[in-house]
Amino acid sequence: MVIPSDILTQALQPAAREWLDSLDASQDIAVLLPQLPRRTGRDPFGGTRHTSDDHDVDFAPWRSCDVAAAHLFEKLNPTGEQLRDLFAHGDFEERAMVMRTRAVFPADDTTCHLILEAQRTNTQDHMEALILDSDLVARAVDAGLPIDDFNRLILKTAFVDLPFGRMFGSERHASAELSTMVQDLATEREAAGRKVWYDTNRVIGLAPAPGTIARLLGGLEHGDDNHRLAAVEGIVSTGDTELRKYLEARLPREPKPSIRDAIESALQATT
Amino acid sequence: MIFEPHIHMFSRITDDYEAMAKHGIRACLEPAFWLGQSRTNVGSFIDYFDTIVGWERYRASQFGIHHFCTMGLNPREANDDRLNDDVMEILPRYCEKDSVLGVGEIGLDDQTPKEEKYMLAQIELAIRHDLPILIHTPHRDKKKGFERCIDICKDSGIAMERVLLDHGNEETIKITKELGCWSGFSIYPNTKMTPERMVVIVEEYGLERMIVNSAADWGISDPLQVPKTVAAMKQKGFTQEQCDELTWENPINFFAQSGRLDRTVLEEPAKFDRRETFTGNSILRGQDPDSF
């Protein structure tokens with residue numbers, strides 16, 4: 001995917017576009033990148049989700065400078081080593097741009113490196129920029145990111161409370177091993193009286209492990225609306241029609257209209 | 001509100017940030033400098049530069065203080081051939097970072113030919129990146145050093161209103177006042193200037209293009225010397241408006257010449273969330289973010 005032309009037009013003022021178009025490979029990308037927020041703007045431009053055969057990217061959180069950075073990378077084609085250097089020695093904004101723009105390029109070794117860096121450095125803005133609002137992480141696994149690294153990333157995502165649903169396509173890499181890790185974190189949090197990741201039940205329902213069904217059924221009776229809704233979705237994801245009766249039992253007692261709607265939809269889907 | 005325009009927070013502790021915020025310091029500027037002992041390779045500079053645009057900025061923000069910096073090869077290490085040319089090579093990328101408002105501290109220390117060479121090269125760098133310059137003047141043979149710094153600036157062609165000649169005193173103000181440059185004064189507990197001497201200077205020379213700072217670093221120094229100077233000015237009858245001109249308007253007006261200082265951003269304290277980390281690190285050391 002390259003940056004769609006309508007996005008370029010929407011995000012960049014003509015003067016900014018002209019300046020970008022005047023740049024060439026003789027210029028040092030490390031000197032150019034930090035200028036982008038000042039020259040092109042640092043506010044979201046109102047982008048929307050774009051889906052194609054090979055990419056799924058929601059431009060809603062993208063800022064004008066992110067679009068400019070993607071355009072710059074497309075134009076100057078930095079090596080993986082250069083991209084790693086831009087991240088390593090970039091300021092906060094530069095790092096965010098390096099991370100967010102990966103979504104419109106093919107997943108490769110550099111993507112995998114940056115995913116590990118995001119996980120290691122644990123700066124929420126940079127994690128969000130890299131792993132949310134696109135299918136980049138899912139494509140990275142397809143391209144060779146070891147499944148162990150993926151599992152650890154999801155666990156870190158749970159740890160810092162980011163939404164799994166905004167990691168488009170990641171559900172296809174769910175596994176029983178991941179479910180066990182996420183369940184164990186939830187148990188640990190519950191024992192400590194700490195908040196549990198709201199997506200726990202959604203993720204474990206995708207690939208049940210020992211203990212998953214009990215947790216999902218318990219989730220149906222949870223006092224927190226978010227956990228109950230995720231439990232309904234998790235039960236649907238298991239595809240286990242035996243669990244239908246528990247949804248039926250919960251429906252008349254469910255006080256929240258939106259969750260009742262979810263249960264009714266789930267029952268229709270499993271008919 | 002106070003803009004502290006010269007302080008090496010890299011070498012200070014969180015108590016200092018807390019005290020600075022309590023005494024009205026809303027923003028500070030950290031000139032790149034030396035570390036107390038010599039660096040031995042360019043990598044040490046790279047990590048330091050990354051720190052003053054990264055971690056230090058985050059650390060300051062945790063106390064509501066906006067942090068900026070200037071980038072440069074300091075005159076003391078300009079004499080070191082193990083790293084001077086390598087540092088010059090990496091400076092262009094750092095000159096473009098968002099929080100970099102100038103080139104500095106550059107200038108003279110021992111007043112050697114090498115210091116002059118790299119001072120001039122960095123003034124040219126500042127011109128290329130459209131940045132003002134902060135000049136460290138020698139602490140020994142100061143008057144001669146000031147005059148030499150001025151000559152180098154004039155020869156370079158940089159506009160004098162984009163030059164801040166720092167570490168001045170009663171003698172140097174006589175030289176710099178009419179040049180069109182900005183005159184900086186570092187207020188120290190026991191050496192350089194005192195708040196009381198600074199008040200006498202502004203009584204005689206006025207407030208225009210005058211800047212005061214603490215230049216606090218890893219030595220015996222005091223990050224509250226600017227608020228203390230304000231207190232001394234008020235004791236002598238200066239108004240709040242006059243104090244603001246010296247300690248807020250002047251440094252902002254000088255560094256705003258970079259085109260990167262948004263005055264409206266400074267009107268509010270730096271935003272922070274003590275739960276957020278910077279590269280996995282925070283200042284909490286395990287403490288509850290809501291407990292203080």
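Mentor: Of the 271 residues of chain A, 54% count as buried, where buried means under 20% relative accessible area, exposed means over 50% and partly exposed lies in between, with a 1.4 Å probe and protein chains only. This is a predicted model, in which local features need pLDDT of at least 70 and side-chain atom pairs count only at pLDDT 80 or more, while totals for chains, interfaces and linings use all residues. Residues are numbered from 1 along each chain as its sequence is written, chains are lettered from A and ligands numbered from 1 in the order of writing, and side-chain values use heavy atoms, with hydrogens and water left out.

Trainee: What does Trp19(A) touch, beyond residues up to four places away in sequence?

Mentor: With contact taken as heavy atoms within 4.5 Å, Trp19(A) touches Leu32(A), Gln35(A), Leu36(A) and Arg39(A), once those sequence neighbours are set aside. Trp19(A) sits in helix α2 (residues 14-22) of chain A and counts as buried at 16% relative accessibility.

Trainee: How many residues of each chain take part where chain B is in contact with chain A?

Mentor: The size of an interface is often given as the accessible area lost when the parts come together. In this model 16 residues of chain B are in contact with 21 residues of chain A, and the two chains bury about 1,400 Å² between them, 44% of it on carbon and sulfur atoms; that area is what is lost on being put together, summed over both, with a 1.4 Å probe. On the side of chain B, Arg93(B), Glu96(B) and Asp98(B) lose the most area to chain A, together 42% of what that side buries.

Trainee: How many salt bridges are counted between chain B and chain A?

Mentor: Side chains of opposite charge can pair when their charged atoms come close. Taking a salt bridge as a side-chain nitrogen of Lys or Arg within 4 Å of a carboxyl oxygen of Asp or Glu, the count between the two chains is five. The side chains of Glu94(A) and Lys97(B), for example, meet in a salt bridge of 2.6 Å, N to O, and each of these residues is buried, Glu94(A) at 0% relative accessibility and Lys97(B) likewise at 0%.

Trainee: Where in chain A do Glu221(A) and Arg250(A) lie?

Mentor: Glu221(A) forms a salt bridge with Arg250(A), with the closest N and O atoms 2.7 Å apart. Glu221(A) lies in the loop between α14 (212-219) and α15 (225-238) of chain A and Arg250(A) in helix α16 (residues 244-250), so the pair ties together parts that are 29 residues apart in sequence. Glu221(A) is partly exposed at 42%, whereas Arg250(A) is buried, at 7%.

Trainee: Is Asn213(B) buried or exposed?

Mentor: Asn213(B), in strand β8 (residues 210-213) of chain B, is buried, with a relative accessible area of 1%. Its side chain makes a polar contact with that of Asp166(B) at 3.1 Å, and another of 2.8 Å joins the side chains of Asn213(B) and Ser186(B). A polar contact is a pair of N or O atoms within 3.5 Å; within protein, one must be able to donate a hydrogen and the other to accept it, and residues adjacent in sequence count only if both atoms are side-chain atoms.

Note on methods:
Helices (H or I, at least four residues) and strands (E, at least two) are DSSP runs, numbered from the N terminus.
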